[in-house]
Amino acid sequence: MTQRISFNAPRGVSDILPSEQPLWDHVRETARKTALQFGYSRIDTPIFESTALFKRGVGDDTDIVQKEMYSFKDLGGDYLTLRPEGTAPVCRAYIQHGMHNLPQPVRLFYIAPMFRYDRPQAGRYRQHHQFGCEAIGDPSPFLDAEIIEIGWHYITSLRLAGVSVRINSVGDAETRDAYIVKLRDHFSRYESDLTAVDRDRLVRSPLRLLDSKDSAARRISSDAPRVIDFLSGAAAEHWDKLLEILEALGAVYTDFKYRIDHTLVRGLDYYNRTVFEFEPSNTGSQTSLFGGGRYDPLIGTLGGKPAPGIGFGSGIERIILEIRRQKKVKVKAGAADAAIIHIGEAATLRSVQLAAELRARRLSVIAAPAGRSMRAQMRFSNQSEARFAIIIGDREIEKGIAAVKPLLSDGEQINIALNPDAIANAVSQR
RNA sequence: GUGGGCGUAGUGUAGCGGUUAACACGUCAGGUUGUGGCCCUGAAGAUCGAGGGUUCGAAUCCCUCCGUCCACCCCA
């Protein structure tokens with residue numbers, strides 16, 4: 001007995017079906033327009049890069065690099081990785097193409113798939129899509145504010161309610177060392193209360209203790225020393241200025257609210273100073289719609305002439321999940337202007353020509369399935385939601401006409417000379 | 001990597017030891033002479049996730065695996 005074979009999409013990845021495309025288009029289009037409104041230009045980078053780029057950029061010790069990358073060796077022996085995030089590739093492109101010679105800052109955005117090997121669950125997939133913006137080459141806190149503002153503008157354009165913004169500063173490399181000593185001291189005092197995972201963090205990455213979900217760790221975090229109290233002069237000034245700008249913006253975006261969260265830290269090594277997250281109001285487990293921050297050391301780390309940068313990445317799937325949850329879905333695909341129905345052999349050929357002629361006149365025309373009964377073709381046309389049915393049978397051919405019938409309303413069917421301009425004109429009427 | 005729920009036609013479900021696995025939606029075809037939306041009729045479509053076991057008998061009980069969803073973790 002032969003085994004019947006069948007394939008499903010691999011674990012954690014999914015098809016975006018025709019019925020979902022209108023909503024996807026809407027979200028992507030909103031993202032694109034938002035970015036363009038702020039003067040950001042689109043960049044597309046390859047879907048895979050040198051593995052070393054991510055090890056260097058994202059950080060060898062991060063979870064992403066340690067256990068979530070789709071890495072492979074190609075036939076030529078190069079080590080490549082399906083991009084797990086967008087910032088490092090954009091920075092690589094900035095360096096490679098000498099963008100430091102362009103007027104600074106260079107403002108870039110992308111809408112692209114990302115890949116991470118992880119256990120899938122709600123809002124978390126092995127392939128997901130991100131809309132991201134990066135502003136490189138200018139250290140000003142105005143850009144920190146701008147990046148956050150873009151995110152807010154995007155959320156608002158999508159009419160998502162209840163999204164809150166949390167921000168924090170993780171300081172500069174120099175000040176962070178001093179801070180970490182204090183933080184470690186603080187947590188060490190309660191070491192026996194910590195979980196095994198958190199005890200491990202105490203050694204490896206004490207900052208992550210701050211955003212532990214464990215109740216004991218959270219309690220200890222609440223009176224832990226705060227990063228912002230350890231900021232150096234320049235970083236402190238940057239932070240204060242950012243808050244001032246956000247206050248000013250808050251007066252314009254009336255429902256814009258942000259909260260300073262001293263426990264907010266991020267899992268990618270390249271961040272310094274400002275970090276932020278956007279999260280939806282519901283208490284699901286995927287709490288992050290957006291994540292971003294400043295990454296001043298990154299360009300230098302990747303071998304470029306040092307240039308500061310800031311940006312965010314936002315998960316499109318999570319945005320869509322939230323739109324659906326809030327039932328803000330009212331997008332429909334555009335239907336065709338006309339469906340062509342044809343009966344008889346001569347008519348079939350003529351209908352193919354007519355469709356081509358109408359499309360040349362910028363109309364969208366869908367062909368009803370050939371070889372089916374008139375009734376079946378009418379049913380098809382109706383379901384396609386085309387605005388008109390154009391009927392060509394051998395009878396019409398003899399008389400040199402086509403029958404045009406409105407489908408959405410109960411309009412009269414009329415005969416029109418079998419002439420593309422005349423028919424196009426009739427179909428263009430609303 | 002760790003836990004829990006669930007896996008029956010394309011989709012959503014019913015059946016939970018006993019003969020041809022049911023219903024709805026969808027698909028296709030019809031309801032006379034070339035005309036849709038409603039309605040009616042009919043057809044196609046399921047090796048009941050896979051493998052093993054218990055039993056005279058399993059979609060139904062047990063085990064293993066796989067998938068999926070949810071949670072931890074991590075993050076978008």
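I call a residue buried if 20 or more other C-beta atoms lie within 10 Å of its own, exposed if 12 or fewer, and partly exposed in between, with C-beta atoms placed from the backbone. I am looking at a predicted model, where local features need pLDDT of at least 70, side-chain atom pairs count only at pLDDT 80 or more, and totals for chains, interfaces and linings use all residues. Residues are numbered from 1 along each chain as its sequence is written, while chains are lettered from A and ligands numbered from 1 in the order in which they are written.

**Entry 1**

I started with Glu385, which counts as partly exposed because it has 15 C-beta neighbours inside 10 Å. Its phi is near 65°, positive in a residue other than glycine. I found Glu385 in the loop between H13 and S14; helices (H or I, at least four residues) and strands (E, at least two) are DSSP runs, numbered from the N terminus.

Arg159, not a glycine either, has a positive phi of about 60°. Arg159 sits in the loop between H5 and strand S7 (164-169), and is exposed, with 11 other C-beta atoms within 10 Å.

I also noted a cis peptide bond joining Gln104 and Pro105, with omega about 0°. Pro105 belongs to the loop between H4 and strand S5 (106-115).

**Entry 2: a helix pair**

Next I checked helix H2 (residues 51-58) against helix H4 (residues 87-96): their axes come within 9 Å and cross at roughly 105°. Axes are lines fitted to C-alpha atoms, for helices over the stretch in contact, and angles run from 0 to 180 degrees between N-to-C directions. That makes H2 roughly perpendicular to H4 (under 35 degrees is roughly parallel, over 145 roughly antiparallel, 65 to 115 roughly perpendicular, the rest oblique). Leu53, Phe54, Gly57 and Val58 of H2 make the contact with Ala88, Cys91 and Arg92 of H4 (C-beta atoms, placed from the backbone, within 7 Å).

**Entry 3: around the RNA**

I then listed what surrounds RNA strand B: 54 residues, of which the closest are Ala122, Gly267, Gly315, Gly393 and Arg395 (near means a C-beta atom, placed from the backbone, within 6 Å). Helix H13 (374-383) and strand S14 (388-393) are among the elements that each supply at least two residues of this surface. H13 gives the most, with seven residues.

Terms used: Two residues are in contact if their C-beta atoms, placed from the backbone, lie within 7 Å.
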